[in-house]
Amino acid sequence: MTDMMINIRIPESVERILKTLMEHGYEAYAVGGCVRDAVLGRTPNDWDITTSAKPEAVKRLFRKTIDTGIAHGTVTVMLDHTGYEVTTYRIDGEYEDGRHPKNVEFTGNLVEDLRRRDFTINAMAYNHIHGLVDAFDGIGDIRCRRIRCVGNPSDRFNEDALRILRAIRFAAGLDFEIEDETRKAVAVLAGNLRKISKERIQAELEKLLMSSHPEKLIIAYETGVSKVVFPELDRIMALGNGNDIINLLSCMEKDHYLRWAALLCMSDRKKSAHILKELRFDNKTVDMVSRLVEAAKKDIPLTLSGIRRDIYETGEDIYGHYILFMKYFAGCPVSGKRFSQNDIRMWEGYYREIIEKKQCISMKMLQINGRDLIELGVPRGGKIGEELNRLLYLVLDDPELNERDKLINIFKNHHSYNNISEEISGNNS
Ligand code: ATP
Ligand code: MG
């Protein structure tokens, strides 16, 4: 397979950008991840373009552009409502915030631009005129399914330590091995990841965990990377549960909440929330995952009323995820095999029935509210919540009771009607 034989299908908008730049005398190529993915027959996430044109020239040539990172040579060209990053050929100084090096120098030489890129498979450029430009044998490494640094791995990891984690992330995404020298440098320089911001680490860990081969996470343990960026992995390995959990991950569908909950299942709600916060995850992730971790420790309910109560107590927002999680988790030795797949199917069937019948599973579905209770003489304050909660539990037990009149009657019968205010305020004091 010679380079010229490699033919890549480039989307029309990208083709238009390349053509416009070339017609005006500039060099222009699709570059990086998109070329790698296209060669592999995968659909690229996005198409990046590299060009000899300076940012000002790029801006003059296209109607709609955004100054994405003009100091670093990047202009986003908008075409058909999609943005394409067009970056001037450059030589990078030291990386600072990670996305951008501290200082960059523009160059007129494509190979210099490819040289600054992390791995050989990410350092290929392509256009229809010149075919594939592959100065560092990215194709050879794709053939051997290998992640290899461009140039000296130690130098490259010293320039930007995030590349250490990216090496593992690409190995997991592509099911590649990390080439020996690169892997040695990963292990030697893992500690440099301490210098990298939590946000960047989170982004790479997320891609690693959500990849097709999350079992490659084990490389992070073997090379000492997890000790620096995710010590929970070292803890579960020491407990002897690491391999089971990694197996669990690799059979699990690619769901952000499920996979993080699986990875954190040996901790508790508080600890998992802490770990996710440290990694700067959003509040929804922290909340959902830590509650799933907690829920997974309970026994599953197998009666309709038990399930309604459980939905209310666990939260209807995560209940679907909870059942799904337990489908995978029940088969994992770590769960203690407390229930069979049959139990889970029954549980899920009942859950669906409850949802389809729109049975009351939350306070807002209860057919009586605080205002009704105030009208019935309950004083404002904590008592209202207590009363509503009591009525809700009766309804969770028996959905037939969820009618306003029935609930008012239940309330009146429970408290002797005329003495409600007295009784309740009496209780308060
Ligand atoms: P993905 O498909 O996950 O987006 P990608 O290869 O496109 O993978 P990006 O992070 O989008 O990865 O970066 C685009 C390209 O920029 C890479 O292919 C690589 O050539 C270069 N690159 C990105 N980050 C670095 C880095 N930290 N050091 C060197 N080159 C990098
Ligand atoms: Mg990309």
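**View 1. Polar contacts of ligand 1.** A polar side-chain atom of Arg166 is 2.9 Å from an oxygen atom of ligand 1. The protein buries 83% of the 580 Å² that ligand 1 exposes when taken alone. The model shown here and in the other views is predicted. Two further contacts involve nitrogen of the ligand: a nitrogen atom of ligand 1 lies 2.7 Å from an N or O atom in the side chain of Arg163, and a nitrogen atom of ligand 1 lies 3.1 Å from a polar backbone atom of Asp118.

**View 2. The shell around ligand 1.** Ligand 1 is surrounded by 17 residues, and the closest are Arg36, Asn122, Asp160, Arg163 and Arg169. Sorted by class, this shell has eleven charged, four polar and two nonpolar residues. Helix 2 (33–39) and helix 7 (162–174) each contribute at least two residues to the shell. Helix 7 provides the largest share, four residues.

**View 3. The salt bridge between Arg163 and Glu159.** The closest N and O atoms of Arg163 and Glu159 are 2.7 Å apart in this salt bridge. Arg163 has 3% relative accessibility, under the 20% cut-off, and therefore counts as buried. Glu159 has 32% relative accessibility, so this residue counts as partly exposed. Arg163 also belongs to the closest residues around ligand 1.

View 4. The side chains of Arg183 and Glu222 form a salt bridge, with 2.9 Å from N to O. Arg183 sits in helix 8 (residues 180–189) and Glu222 in helix 10 (residues 217–222); they are 39 residues apart, and the pair links distant parts of the chain. Both partners are partly exposed: Arg183 has a relative accessibility of 26%, and Glu222 has a relative accessible area of 48%.

View 5. The side chains of Lys383 and Glu386 meet at 2.7 Å, N to O. The two residues are about one helical turn from each other because they are three residues apart in helix 21 (residues 382–397). Lys383 counts as buried, with 12% relative accessibility.

**View 6. A network of salt bridges.** Arg90, Asp92, Asp113, Arg116 and Arg117 are joined into one network by salt bridges that share partners. Side chains of opposite charge can pair when their charged atoms come close. The salt bridges in the model number 37.

Technical notes. Residues numbered from 1 in each chain as written. Chains lettered and ligands numbered in written order. Predicted model: local features only at pLDDT ≥ 70, side-chain atom pairs only at ≥ 80, totals over all residues. Heavy atoms only, no water. Near = heavy atom within 4 Å. Polar contact = N/O pair within 3.5 Å; in protein donor to acceptor, adjacent residues only side chain to side chain. Areas by Shrake-Rupley, 256 points an atom, 1.4 Å probe, with all protein chains shown as cover. Nonpolar A, V, L, I, M, F, W, Y, C, P; charged D, E, K, R; others polar. Salt bridge = Lys/Arg side-chain N within 4 Å of Asp/Glu carboxyl O. Buried < 20%, exposed > 50% of the residue type's maximum accessible area, 1.4 Å probe, protein only.
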